[in-house]
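Let's take a walk through this one together. Have the sequence and the 3D view open, and follow along as we go.

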Amino acid sequence: MSSENTSDDEDTFKILIATDIHLGYLEKDAIRGNDTYTTLDEILQCAKQNEVDFILLGGDLFHDNKPSRQCLHKCLTMLRKYCMGDSPVRFEILSDQKVNFNTTQFPWVNYQDENLNISIPVFSIHGNHDDPTGAEGLCALDLLSASGLVNHFGHSHSVEKIEISPILIQKGITKLALYGLGSIPDERLYRMFVNKQVSMLRPKEDQDGWFNLFTIHQNRSKHGPTNYIPEQFLDDFLDLVVWGHEHECLIKPTLNEQQLFYVSQPGSSVATSLSPGEATKKKIGLLRVKGRKMKLQEIPLKTVRQFFIEDVVLADHQDCFTPDTPHVTKKVEDYCFAKVTEMLDEAERERLGCRLTPEKPLIRLRVDYSGGFEAFNTSRFSQKFVDRVANPKDIIHFIRRREQKEIKDESSIDYGKLFKPTAVEGLRVEDLVKQYFEAAEQKVQLSLLTEQGMGKAIQEFVDKDEKEAIDELITYQLQKTQLHLQSRGVTTEQDIDAEVRLFRDSKKNTAEEEKDIQEAMNRAKAHRLERGDGDFADQDVSDVNMDSDEGSVPVAAPTRGRGRGSRGRGGRGRGRGATASEPKPAGRGRSQKSSTTSQSRSILQAFQASSQKPSRTRATKSYTDEVIIDDSDEDIPVTKAARPPPKPSSSSSSSFSKYGSQSQSQSRGIAFEDSDDDEDDPFKAPTRR
């Protein structure tokens, strides 16, 4: 829509919202290498054509924590091409910019920099893929911020308490309070919400006159007891929440019945895993805000590669073949060939008339071969479509459902467990670690390390290629345990084992445990920086493999292929007295003799031995064209249903007051339901007061 639209005037904010662009994903792939760059170019071009006031990104602009030079170069080139120019910026910022942009030496919005000529400001929070790391706490967004192309906000420096201060923006009579919170580990943020350690600041004057927009990058769907952030945790004075991290496109605003705010989930602009959620059509949103009214126009992306996914259960086709049918494997393969051909024909029909859509689509056929069927050769099958699909190596994905033993008493059958698939979509590394130790026998439980610490170290190794994370965590925890035992004066082996377990249990799910884990990770990063990116062939690292549809991280793939998986079980045993070793020398490589000796020593011997390793210092996510909250032309403010005003509290700023609904979170509960009924359609009757 052009600026000539009557709804676009000097009082209307026009904001382009997008999340999870994942620049650089599969950039070395011959077919899909340029997909992310092409889509970002389309997004920025759309922003310029619609003459938006600014662009709002909900995290994961980059796919890797350390993007390549090619990725950074293309990103800088496109931002400079579309976001710089002579067009005036028609809004002003009223808040303290030193608080809003606290990660840069230039704490002001880029369009106010006298040395820059910005026509479209970009505001972005960081995601879990491009989160700040290292002793300096920097990320790729900070590089773009220092160059004056992106305004990075929503970065919390404290792990004890979070205060979210909004960027107060005004255009004409419309006042917008932009809140943002970059990605934080879900378990930690969940606990901070429960402990009332998260607060959102509000302007002291005219609080009901501001449109409150919040951008967050966390798990929205429940992956575990605390591995997500319930919508009920967020403050109820908000008007719209833009939710990042979830890749399924649910951009149409939905009303939260408890908190009475709307949630928009734009989803990702590129498919990073071949899962059902990624098959939804990718869109971005053009948000218009005037006073307390808002309107969201959905804009389908034309340059996104098509993705089709379908499930096949072989046991449901008894009329075609059974496990006892002669040459059944060949017949199953022919059936799958016909299915893939149908999906390719459908993709070709949809692509007609849209020259911007890539020619080769993504195809995934998930085949359930339970019931006695055999899997065929997927490599040979894929060769038949090598010139027609973008993912010829993983077209077919075989899954097998658990076979249940015969149960005589039908009244005791739990039918919900009979159809539980073996392959789990979206399982994370730390979840696998936690599940393993919960199900493991007592004799192989961790005694020195905690499940959270080991899961974090393995995640750092797998996701961010931090090769010394596991080794450094073990060394750091061993040193702390030794100091604890020395201070307690424990000498016998039996007392040492009991004291070690008590010491480990006392730190579980505490701030001290998080600090220890972060300190160990910082030491690993600092040690890597001191020695450079050399050969890590002598390093002991556990290899973690997951059989799921989640996309692999290209950077870490070569490293995991070096054959370290044999040490997986040995690594878990380090926490017990039989395998705790004395502190290692500072050198990266260790001789085989030293490793063998350390495995045969007990915690008592390790406790009695003197430390030889000097401590390292820390180096300083039916379609409609648009969603309208209120399509009337009257300038009547649309507000929420009546709520009790927030209680006055102390303020850390002269112009802000704290506001927190966490006190209501526990009593209201964390469960919520999302309804498909049209009663919540935001452009039906207004629900605000």
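**A walk through the model**

Residues are numbered from 1 along each chain as its sequence is written, and side-chain values use heavy atoms, with hydrogens and water left out.

Back to Phe385, which has a partner. Phe337 and Phe385 make an aromatic pair of the tilted kind, with 5.1 Å from centre to centre and 35° between the planes. For the rules here, rings of Phe, Tyr and Trp (its six-membered ring) pair if their centres lie within 6.5 Å; planes under 30 degrees apart count as stacked, over 60 as edge-to-face and the rest as tilted. This pair joins distant parts of the chain, 48 residues apart: Phe337 is in helix α6, while Phe385 is in the loop between α7 (378-382) and β18 (396-399).

Helix α6 has another ring to show you. How are the rings of Phe321 and Tyr335 arranged? Their centres are 5.9 Å apart and their planes meet at 80°, so this pair is edge-to-face. Here too, distant parts of the chain are linked, 14 residues apart: Phe321 is in the loop between β16 (307-313) and α6 (328-351), and Tyr335 is in helix α6. Phe321 and Tyr335 are both buried.

While you're on helix α6, look for Glu333, which is found there as well. Is Glu333 buried or exposed? Glu333 counts as buried, because its relative accessibility is 5%. Leaving out residues up to four places away in sequence, Glu333 touches Phe376, Arg380, Phe381 and Lys384, where contact means heavy atoms within 4.5 Å.

The structure holds 19 aromatic pairs, and one aromatic cluster is formed by Phe13, Phe54, Phe91, Phe101, Tyr111, Phe123 and Phe153. A ring can also have a charge over it: the charged end of Arg220 sits over the ring of Trp243, 5.9 Å from its centre. That label needs NZ of Lys or CZ of Arg within 6 Å of the ring centre and within 35 degrees of the ring normal.

Next stop, His129. The UniProt annotation "active site", from an unreviewed entry, covers this residue; such annotations may be inferred rather than shown by experiment. You'll find His129 in the loop between β4 (122-124) and α4 (140-146). It is partly exposed, because its relative accessible area is 24%. Which residues is His129 in contact with, leaving aside its neighbours within four places in sequence? They are His22, Asp60, Phe62, His63, Asp64 and Asn65.

Take His22 from that list. His22 is in the loop between β1 (13-18) and α1 (35-49), and it is buried, because its relative accessible area is 0%. His22 has a positive phi of about 55° although it is not a glycine. Asp206 also has a positive phi, near 55°, and is not a glycine either. Asp206 lies in the loop between β9 (198-203) and β10 (210-217) and is partly exposed, with a relative accessible area of 44%.

Now zoom out. The chain's secondary structure comes to 17 helices and 20 strands, taken as DSSP runs numbered from the N terminus (helices H or I, at least four residues; strands E, at least two). Of its 689 residues, 53% count as buried.

Finally, how far should you trust the picture? The chain averages a pLDDT of 77, and 69% of the residues score at least 70; pLDDT is the predictor's confidence in each residue, from 0 to 100. Over residues 417-426 the pLDDT is below 50, and this stretch has 22 contacts in the model beyond near neighbours in sequence. Residues 661-689 also have a pLDDT below 50, with 68 such contacts. Where pLDDT is low, the predicted coordinates should not be read in detail.

Terms used:
Buried means under 20% relative accessible area, exposed over 50%, partly exposed in between (1.4 Å probe, protein chains only).
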